[in-house]
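The report below goes through both.

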Amino acid sequence: MTRTEFIKTSLLAGMGLPLLSGFNTPFMTHEVSLARLMGKNENHLTGSSFKLEKQTMQAFLRMQRAAAVDGVTIEVASAFRSFDRQAQIWTSKYNNYTQAGMTPLAAMKKIIEYSTMPGTSRHHWGTDCDLIDGDASPRPSSVLEPRHFHGQGPFCKFKEWMDANSESFGFFEVYTDNANRKGFKYEPWHFSYKPVSQKYMETYLKFDFNRILEQISVPGVEHMDAQFIDDYWQNNVSDINPDLLPNA
């Protein structure tokens, strides 16, 4: 059985996921295409220095202003990332790891500790952003590390404010510090605007994952075995903060 046949007949059928034939899937007031969910369409975005989905941007600016009143400067480290940009990140890491002696499968498992396959990133949606304290001093050279948000880390004040207030603005931590959660490691900087991302997630989970994989042409994809694919879908894509899952 080919990889394509396995994904279609074994993975999705076993999970009981319906296959959608069209690229456009309407829900409520949104029209969400697979191209948008894969980071190949930017028509729904707004912004200049960084881009977010329009409703997400409005909510973020409200939260940013409220934090400023309390003396916290919320800075965006990363917001929307296109398919092509995610592919560059993936390719760079894959090449570095394999050139250092890792097998293709080991390299991909290392990549997905923190980085997604292009076409599967929540950053494609424009609903998710990586946030830090813009006034932190001293500012670390590598800002997206969990240790900076705890103990005596420079982003502790920011983290305390977000823990107390972010959900009231609709922003929820995606990859929580939960020992029972699998997939991507803890990311205290990654927040998602639930009123929109929850609906995007609902639509994304209904798409034929085989169809998504067929559009991902990056180094290593030909080495993905059935177990890697199943684990990635179940853990990295689906095992997130339960508050962000459909019907939560």
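How do the residues of the lining of the largest cavity divide into nonpolar, polar and charged? They divide into seven nonpolar, three polar and one charged. Here Ala, Val, Leu, Ile, Met, Phe, Trp, Tyr, Cys and Pro count as nonpolar, Asp, Glu, Lys and Arg as charged, and the others, Gly among them, as polar.

This is a predicted model, where local features need pLDDT of at least 70, side-chain atom pairs count only at pLDDT 80 or more, and totals for chains, interfaces and linings use all residues. Residues are numbered from 1 along each chain as its sequence is written, and side-chain values use heavy atoms, with hydrogens and water left out.

**Cavity and pockets**

A cavity is a set of points on a 1 Å grid over the protein atoms alone where a 1.4 Å probe fits but cannot get out. A pocket is an open set with protein on both sides within 12 Å along at least five of seven lines. Lining residues have an atom within 4 Å of a point. Points are joined across faces, edges and corners, and a volume is the space filled by probe spheres set on them.

The structure holds one cavity of 30 Å³ or more. Its lining includes Arg 122, Trp 125 and Asn 236. Helix 7 (194–204) and helix 9 each supply at least two lining residues. Helices (H or I, at least four residues) and strands (E, at least two) are DSSP runs, numbered from the N terminus.

| Space | Volume |
|---|---|
| Largest pocket | about 500 Å³ |
| Second largest pocket | about 150 Å³ |
| Largest cavity | about 60 Å³ |

The largest pocket is lined by 28 residues. Lys 93, Tyr 114, Ser 115, Leu 144 and Glu 187 lie nearest its centre. Helix 4 gives the most to this lining, with five residues. The second largest pocket takes six lining residues from helix 9 (residues 226–237), which gives the most. Asn 236 is one of the residues lining this pocket.

**Helix 4 against helix 5**

The axes of helix 4 and helix 5 come within 9 Å and cross at roughly 130°. Axes are lines fitted to C-alpha atoms, for helices over the stretch in contact, and angles run from 0 to 180 degrees between N-to-C directions. That angle makes helix 4 oblique to helix 5, because angles under 35 degrees count as roughly parallel, over 145 as roughly antiparallel, 65 to 115 as roughly perpendicular and the rest as oblique.

Among the residues in contact (heavy atoms within 4.5 Å), helix 4 brings Trp 90 and Lys 93, and helix 5 brings Pro 104 and Met 108. By class, this contact has seven nonpolar, one polar and two charged residues.
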